[in-house]
Amino acid sequence: MSDILEKIVATKKNEVASDSKKISLGNQRDQAEENNRNAPLKPRGFIQSIERKIASGKAGVITEIKKASPSKGILRENFQPAEIAQSYEENGAACLSVLTDKEYFQGSNAYLQAARAACGIPVLRKDFTIDPYQVYEARAIGADAILLIVACLELNQMKELEACAHELGLDVLVEVHNAPELEQALELKTSLLGINNRNLKTFEVTLQTTLSLLSMVSPGKTLVTESGIMTRDDVQLMRDHEINAFLVGEAFMRANDPGAALSQLFS
């Protein structure tokens, strides 16, 4: 685990301990189950939305709503999650990814709720999920999917968190950075596999990371390339290798109109 990831996980453990005193696990579970009975808040089918785009010949793009990052600082001063979500949807996004981590990414659960309420596409809660409490919380705030990062979890933890998510109707995106992590990720049931092109130790980004791991990916998996997709050539390189799902954040967050930037990159 990189130093920054180790620090984030330690913070998450403290947050879960603190949050569970304010809202109990039982209350989070009750709200999650209530949302599953409430038509506007039922899971929207995150993986299904990506697969529909790909089946129609388009790229399945997960567009990120992110105010800041530890390495780059503030990405967007005028940060309006609802407006960004609408712009993304109007310009063909398959799904949203909303940062909810407060300490390191200046995110918020309220950003996810505002973004989801403003559009009709599914939303991933982009956070560092290490405890079942966070899975129930994700569904309680309306998320349609959660992220599991192999670099900060043991295999048995991932299986437990995935089972909890699936029980609630949440989809799971499992994220890897290298071959050993990919081997573990393939032990999970989820069909959605993300390869992050960013090196967690150096923060360097290379699309070669996705291409070098491609041969290890099992048939039946929907592969998402993450980080470093900045130009149409980057998109074409991935699609030439039959990689048709993308998670893009920084390139859009720095644009005047994130949705227009999405349309331009993937047109």
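Me: What is the bridge partner of L99 in β5?
Reply: In this predicted model, L99 bridges to K126 of β5.

Me: In which sense do β4 and β5 pair, and over how many bridges?
Reply: Strand β4 (residues 95–99) and β5 are parallel, with 4 bridges. Between them the chain goes through helix α5 (residues 109–117), and this β-α-β crossover is right-handed.

Me: Which way do the residues of β5 point, and are they buried or exposed?
Reply: In β5 (residues 123–126), V123 and R125 point one way, and L124 and K126 point the other way. All of them are buried.

Me: What about β5 and β6, how many bridges there?
Reply: β5 and strand β6 (residues 145–149) pair in the parallel sense over 2 bridges. R125 has I146 as its bridge partner in β6. The chain gets from β5 to β6 through helix α6 (residues 132–140), again as a β-α-β crossover that is right-handed.

Me: Switching to rings. How many aromatic pairs?
Reply: The count is 4 aromatic pairs. One of them is Y88 with F252: the ring centres are 5.9 Å apart and the planes are at 55°, so the pair is tilted.

Me: Where do Y88 and F252 lie?
Reply: Y88 is in helix α4 (residues 81–90) and F252 is in helix α11 (residues 250–253), so the pair ties together parts 164 residues apart in sequence.

Me: Is Y88 buried or exposed? And F252, buried or exposed?
Reply: Y88 is buried, at 0% relative accessible area. F252 is buried as well, at 1%.

Me: Last one: what lies over the face of Y136?
Reply: R29 does, at 4.9 Å from the ring centre.

Note on methods:
Residues are numbered from 1 along each chain as its sequence is written. This is a predicted model: local features need pLDDT of at least 70, side-chain atom pairs count only at pLDDT 80 or more; totals for chains, interfaces and linings use all residues. Side-chain values use heavy atoms; hydrogens and water are left out. Buried means under 20% relative accessible area, exposed over 50%, partly exposed in between (1.4 Å probe, protein chains only). Two strands pair if DSSP finds at least two bridges between them. A crossover is right-handed if, with the strands pointing away from the viewer, the path from the first strand over the helix to the second runs clockwise. Rings of Phe, Tyr and Trp (its six-membered ring) pair if their centres lie within 6.5 Å; planes under 30 degrees apart count as stacked, over 60 as edge-to-face and the rest as tilted. A charge sits over a ring if NZ of Lys or CZ of Arg is within 6 Å of the ring centre and within 35 degrees of the ring normal.
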